[in-house]
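Subject: Structure handover and notes

Dear colleague,

Please find below the structure that I promised to pass on to you.

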Amino acid sequence: MVDVQAPSLTLGLVGTGVMGRGIAQLAAQAGITVRLFDARPQAAEEARASVASTLEMLVTKGRLSPEEARAATARLEPVPYEASLAGCDVVVEAIVEDLGVKQALFTRLEGIVGPECLLATNTSSLSVTAIASVCERPGRVGGFHFFNPVPLMKVVEVIEGARTEPWVGEALVLLARRLGHRPVRAADTPGFIVNHAGRGFGTEALRILQEGVASFEVIDRVLRDAAGFRMGPFELLDLTGLDVSHPVMESVYEQFYQEPRFRPSYVLRQRLTAGLLGRKSGQGFYSHEGGRPHSVPEPALPKGEQRPVWVAADEPGWREALLAVVRAAGWFPDDGEHPAPESLCLLAPLGRDATTTALALELDPERTVAVDLLFGPERRRTVMTTPVTRPAFLDSALALLGADGTLVARIHDSTGFVAQRVLATVVNIACDIAQQRIASPEDIDAAVTLGLGYPLGPLAWGDALGPRRVLKVLDAIHAASGDPRYRASPWLSRRARLGVSLLTPER
């Protein structure tokens with residue numbers, strides 16, 4: 001086993017692009033000698049100069065001393081030949097995402113490095129098992145997947161292939177910690193943890209758009225303002241570029257043999273064909289100029305007629321929360337057992353659409369408006385109408401819910417609104433990653449918060465919302481649509497019924 005804590009550790013790095021440079025910087029700062037190799041002439045020297053410049057910038061910002069920067073730069077050793085990697089304790093490749101090219105490299109490396117050298121791949125989408133399959137000693141090959149920008153994204157996925165020996169995973173975990181990153185261990189499955197867990201956010205938003213429930217800018221606003229994501233899914237797609245995002249969606253879907261939870265949308269395929277890539281093409285879902293998207297103006301709220309408000313809600317405490325909003329706006333609650341003829345029927349369903357909820361309560365659907373309270377009434381409020389809600393009653397609901405200055409978004413009828421659907425999907429996929437033992441619950445949440453920047457890990461988020469509520473949303477959508485995409489993971493179902501945390505591992 002390689003002693004990755006040794007002061008004399010030498011790490012070979014093949015591929016000196018953006019990812020390779022980031023890994024080299026971390027290793028050099030951690031006291032590791034780094035031999036830089038790239039098939040393109042002068043690329044390794046350019047990488048050394050680039051990393052040295054970054055280290056000098058850190059000195060300027062006071063994050064590194066001049067002595068530390070000089071010492072780290074001195075540890076960067078460009079080498080002209082692959083054969084110069086002989087004697088390395090660890091070799092990490094960060095080359096093109098092509099299985100054949102990576103396999104050829106690992107075959108050559110086996111003839112160069114010593115028998116105890118650990119070989120690691122920074123692949124983001126390829127099977128570690130497949131890469132190692134051409135090696136005489138596949139047991140010493142592991143996955144070591146960093147995220148861009150490497151120095152700032154403080155997580156690295158450690159992946160063991162089908163034949164990876166246990167010491168390799170242990171060594172990579174220790175090496176990740178030495179580099180200052182949080183290691184998360186994953187089985188060798190499509191997408192590993194982060195790219196697997198991230199499927200729900202974009203694909204469900206696209207499904208909502210495809211169904212005509214809401215426009216892309218409204219979906220972004222709801223998920224950003226109500227749910228607390230840093231960016232909306234369509235903002236993120238524009239930033240990443242559809243030429244990157246859509247092939248990944250299709251790849252994960254196919255690698256999981258058309259698992260419905262990962263089903264891509266024809267919307268992206270059409271836009272990709274049209275060249276609407278996002279920021280890099282100047283036009284995506286948003287128009288971009290100078291690398292910045294043009295904002296879509298928030299629509300003004302109507303001055304709806306004030307009228308009595310009859311309130312009903314699916315969850316304990318939600319009715320009282322809505323009544324508090326009504327009273328604070330100076331409107332009058334209708335406290336009757338049934339709504340008066342001119343009262344606005346304001347509902348707060350969980351998982352159900354406005355039509356189903358109105359009919360179940362024997363209400364007039366023309367006077368019915370629903371509002372999402374999953375994240376409480378303090379954040380942006382999402383208003384949903386039945387197909388026959390009269391405009392005058394919608395205007396009243398919008399005026400009421402925006403009277404205190406809280407932002408309001410309007411959508412069409414949908415089981416689960418926007419935030420309920422997306423969050424339930426995100427939590428459910430994370431639960432199934434745990435169910436399949438791809439990663440531990442703790443590592444799933446750490447990987448997602450550090451790798452995707454979600455406000456909470458998906459399992460902790462499910463706990464915060466309530467596993468029973470998440471299950472109720474999924475069950476309602478599944479029952480209404482019949483789509484197996486929304487079938488609940490056994491991990492979620494059992495823990496919701498037992499009343500225990502989604503982070504609870506198997507005993």
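The notes below begin with conventions and then go through the findings.

This is a predicted model, in which local features need pLDDT of at least 70 and side-chain atom pairs count only at pLDDT 80 or more, while totals for chains, interfaces and linings use all residues. Residues are numbered from 1 along each chain as its sequence is written, and side-chain values use heavy atoms, with hydrogens and water left out.

Salt bridges

Side chains of opposite charge can pair when their charged atoms come close. Searching the whole structure for salt bridges (a side-chain nitrogen of Lys or Arg within 4 Å of a carboxyl oxygen of Asp or Glu) gives 36 of them. One of these joins Arg185 to Glu160, with 2.3 Å between the closest N and O atoms. Because Arg185 sits in strand E8 (residues 182–187) and Glu160 in strand E7 (residues 155–160), this pair ties together parts that are 25 residues apart in sequence; helices (H or I, at least four residues) and strands (E, at least two) are DSSP runs, numbered from the N terminus. As for accessibility (buried means under 20% relative accessible area, exposed over 50%, partly exposed in between, with a 1.4 Å probe and protein chains only), Arg185 is partly exposed at 26%, and Glu160 is partly exposed at 24%.

A salt bridge also forms between the side chains of Arg182 and Glu442, at 3.6 Å from N to O. Here distant parts of the chain are linked, since Arg182 belongs to strand E8 and Glu442 to helix H17 (residues 441–452), 260 residues apart. Arg182 is partly exposed, at 25% relative accessible area, whereas Glu442 is exposed, at 58%.

In a further salt bridge, Arg381 pairs with Asp404, and the closest N and O atoms are 3.0 Å apart. Arg381 lies in strand E14 (residues 381–385) and Asp404 in the loop between helix H15 (391–401) and strand E15 (408–411), so parts 23 residues apart in sequence are tied together. Arg381 counts as buried, at 4% relative accessibility.

On pairing (two strands pair if DSSP finds at least two bridges between them), E12 runs parallel to strand E11 (residues 309–313), to which five bridges join it, and Ala348 of E12 is the bridge partner of Ala313. Three bridges join E12 to strand E13 (residues 368–371), again in parallel, and in E13 the partner of Leu346 is Val369.

E11, helix H13 (residues 318–328) and E12 make a left-handed β-α-β unit, while E12, helix H14 (residues 354–360) and E13 make a right-handed one.

Kind regards

How values were computed:
Right-handed = clockwise from strand over helix to strand, strands pointing away.
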